[in-house]
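I opened this model to look up a few items and write them down as I went.

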Amino acid sequence: MKQIVYFTMVIAMTIGIGCTQTAPETQNAPAAVGQSGVQDDVSQKNIVQVAVGSKDHTTLVAAVKAASLVDALSNAGPFTVFAPTDEAFAKVPKETLDNLMKPENKAALSNILEYHTFVGVVKKEQMRDGQKLNQVNLKNIVLGVKDGKVTVNGTANIVASVPASNGIVHVIDAVLLPPEK
Amino acid sequence: MKKVLFFLGGVLLVIVVLWQCKTKGAASAASDDAAQKAYIAPGKYDEFYNFVSGGFNGQVSVYGLPSGRLLKIIPVFSVFPENGYGFSEETKSMLNTSHGWVPWDDQHHISMSLSDGVQDGRWMFANANNTPRVARVDLKTFRTMEILEIPNSGGNHSSPFITENSEYIVAGTRFSIPMDDQPDVPIETYKQNFRGTASFISVNPQDGRLDLAFQVLLPGLNLDLSRSGKGPSHDWFFFSCYNSEGANTLLEVNASQNDKDFIVAVNWKKAEEYAKAGKGVTKKVRYAHNTYDEKTHTATTNWGTEAIMLDPKVLKDFVYFIPCPKSPHGCDVNPTGEYIVGSGKLAAIIPVFSFAKMQKAIADRNFEGEYDGIPVLKYDAVLHGEVQKPGLGPLHTEFDANGNAYTSFFVSSEIVKWNVQSLQVLDRAPTYYSIGHLCVPGGDTKKPWGKYVVAYNKITKDRYLPTGPELAQSAQLYDISGDKMKLILDFPTVGEPHYANAVPAELLQKNSTKFFKLEENNHPYVAAGEGKAKVVREGNKIHVYMTAIRSHLTPDNIEGVRVGDEVYFHVTNLEQDWDVPHGFAIKGANTAEILIMPGETQTLVWKPEKAGVVPFYCTDFCSALHQEMQGYMRVSPAGSNVPLKFSTGAEPAATPESK
């Protein structure tokens, strides 16, 4: 008897499925693109667009893409991004850098990039000597201010600052390495 | 026993599933492929913008077709808490009238700007029915840019219909009244003293600015709806009217006595010539003309004092009456401009008049008589034919590009499709819920876009999940691409839609403004950068030049304000990025809140009534640190000597710290 019930239920389910309609081909959902895909050539450039437009940040842009952070950094923010130049990345051993760009090391790469990003806008003139900023990866950086020049963690210098629609980019001349612990 | 129950349960399940399959279509009355036709996948766009009048809410709402998704509510004749329209100091003047400030009106019809009889996507016009006004909405910003009050009008229903090249929009008065220069007469002298007017408002072809060009003085009729001619009938405007009985009480009965009322045919080209030749009478009037400046982000009111009145009893040969059965409501002209469809809301037929025949009848002076000094054409001489037994209570007609008409029937709740040439009924579609207006995209123009007809029903009842006594209105979308109309979607609408129209998306979307340029902001209290933010005292007025940018307000600490002061927060949104508005609110503000678009400045007035420290903040979730976008204003007692100071962040922006 139980079998009959099951059989009947299977039939019922089949019929149920049979009368659902499928969406036509042309109405397929579009590829999942976030705010980085927005077509807008009149608004002020966002952080990603600023970086992409800079000839000195090809490595950083490649890293942001490899870490799948393009959409996040195109978002409303606001962000303060410390952006190492290609020259700064060149100071990192090539093998280390190549390794970080491998898909299996995406988490480590993200950790480094997040260490370069603060949520909130900190302009250069607002920075104070000894000021700590808790970065997206929850580790602190320490700013040094002397004679109007700003250093990060005592190793990197802010060489330029570029405002963006969703925050600000401070160009730095060295890559920041997050503390182990 | 248990097993038997299981078996029965199983059989029941099969029956239920089968029944659902079988009856799905019938129960919803929708066509089988309805879901596919109305479905717009996530991230895809609708084909049409549907501009829908809001009726008693005084706004216009914008939906996507075919999805029925609500895209925008445009405040026109009513204040709107969503964006501060009518609450901010800059927008209050938009609602000025000669009767004072009117925060809420009744908005019935819209028209889209036309070039050579085809939608050009520049402006939308809207009418206020109660306190007579017309408005112009810019379709780049979807904002109300201009509102013009209509003098000598008792209620602006027959409006804002438009001529073929947007030369004029019209305003026909629904309630005849004594004219503004002799207002106080006994009501029972209706027939002697009450008049209707048809106003022609010119539209500047460059910037769309409205101007009251002239008014046509008519007998005490109630003008209802109207349409301009097209092509051969380009020079003419046609107004339906009721109450040819001249009743001033219980119109429900007394205005339904005559077999026929009229369609008023006005040769506006000739009227224009009379007006330009100075043949009108200049009447002393007073009306408000409110315009919004996109550079100062501020509305101003100018006052009109004169109106040119043209009397067809004196200036002959530009107004004729066409007899039309039983209190005509809709008065619609087909795309070729040859046929005029009158919809007598109490009639059992739909009369279709021929423009060519009308011209001949005028030339032959084929009149059946005069009504209050205006020639009445012979019905049979101007009639193309009648649609027999079309339905009950015809109201409005729209057209497709294939020679067909779609008429709404309120009493029999249906849309009837018929052929304009043959007058044969081709199809009927039930709307169930007492349809009022209907809309075929571009269905009032020379070039209907077709594809859909939308029914705007007056009743909702059980159509959606109940929400207490007050329900959303029910709109219904039909596919008209085939021979038969097919219901494909129901969607709720806000307010109470009357006339609506739809514009192809590609005509508008490419022009849509993303933000206002900060360098073009000429607001007198703009702060075009954080360095420009300041607080200035002028007597008991405090002007706060404030800026907003992700994610802080500048200044965000303000002291030195006293009880008795009047504080003006002029907030400039410094963003130059698409879709990043900021809001502003302060505790206890009796006015409201404001919303500020990127590059714009808006002002909120606040009068502190007691000493304390009062928080203010951004009300629009703008960014990850939106919650942090806040500040404090210290209010000291009246007469206090706490110095005025303000700052954001570590460094004070002005006066040195007081103790």
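This is a predicted model: local features need pLDDT of at least 70, side-chain atom pairs count only at pLDDT 80 or more; totals for chains, interfaces and linings use all residues.

My entries below cover a helix pair, the domains, the sheets and some backbone details.

**Entry: a helix pair in chain A**

I began with helix α3 of chain A, residues 58-66, and helix α7 of chain A, residues 106-114. I wanted the geometry of their packing. The angle is about 125 degrees, and the axes are 9 Å apart.

Which residues make the contact? From α3(A) I listed A:A63, A:V64 and A:A66. From α7(A) I listed A:K106, A:L109 and A:L113. I then sorted the contact of α3(A) with α7(A) by class, and found five nonpolar residues, one charged and no polar.

**Entry: a cis bond in chain A**

I went through omega next. The peptide bond from A:G77 to A:P78 is cis, with omega near 5 degrees. I placed A:P78 in the loop between α4 (70-74) and β1 (79-84) of chain A.

**Entry: two domains in chain B**

I turned to chain B and looked up its domain assignment. Domain 1 of chain B spans 54-511, and domain 2 spans 518-647. How far apart do the C-alpha centres of domain 1 and domain 2 of chain B lie? I noted 43 Å for that separation.

I then checked the contact between them. Domain 1 of chain B gives 11 residues to it, and domain 2 of chain B gives 15 residues. On the side of domain 1 of chain B that touches domain 2, I recorded six polar, three charged and two nonpolar residues.

**Entry: a six-stranded sheet in chain B**

I traced an open sheet of six strands in chain B. The order reads β41-β40-β43-β44-β38-β45, and the pairing is mixed. Which strands of chain B are the edge strands? They are β41 (594-596) and β45 (645-647), each of which pairs on one side only. The twist averages 25 degrees from one strand to the next.

I looked at one pairing inside this sheet. Strand β40 of chain B, residues 582-586, and strand β43 of chain B, residues 612-617, run antiparallel and are joined by two bridges. I found B:A585 opposite B:Y617 in β43(B).

**Entry: a four-stranded sheet in chain B**

Another open sheet of chain B has four strands. I read the order as β26-β27-β28-β29, with antiparallel pairing. β26 (394-399) and β29 (425-430) of chain B each have a single partner strand, so one side of each is left without a neighbour in the sheet. Direction ignored, neighbouring strands of this sheet are turned by 20 degrees against each other on average.

I took up its last pair. Strand β28 of chain B, residues 414-419, runs antiparallel to β29(B), with five bridges between them. B:I415 stands opposite B:A429 in β29(B).

I followed strand β21 of chain B (residues 339-344) into strand β22 of chain B (residues 349-354). They pair in the antiparallel sense over three bridges. How many residues lie between β21(B) and β22(B) in the hairpin? I noted four. B:Y339 stands opposite B:S354 in β22(B).

β22(B) also pairs with strand β25 of chain B, residues 383-388. That pairing is antiparallel too, over five bridges. Here I found B:V352 opposite B:G385 in β25(B).

**Entry: backbone details in chain B**

A cis peptide bond joins B:R550 and B:S551, with omega about 0 degrees. B:S551 sits in the loop between β36 (541-549) and β37 (552-554) of chain B.

Phi of B:D317 is near 65 degrees, a positive value in a residue other than glycine. I located B:D317 in the loop between β18 (298-310) and β19 (319-325) of chain B.

Key:
Residues are numbered from 1 along each chain as its sequence is written. Chains are lettered from A and ligands numbered from 1 in the order in which they are written. Axes are lines fitted to C-alpha atoms, for helices over the stretch in contact, and angles run from 0 to 180 degrees between N-to-C directions. Two residues are in contact if their C-beta atoms, placed from the backbone, lie within 7 Å. Ala, Val, Leu, Ile, Met, Phe, Trp, Tyr, Cys and Pro count as nonpolar, Asp, Glu, Lys and Arg as charged, and the others, Gly among them, as polar. Two strands pair if DSSP finds at least two bridges between them. Domain bounds come from an automatic or database domain assignment.
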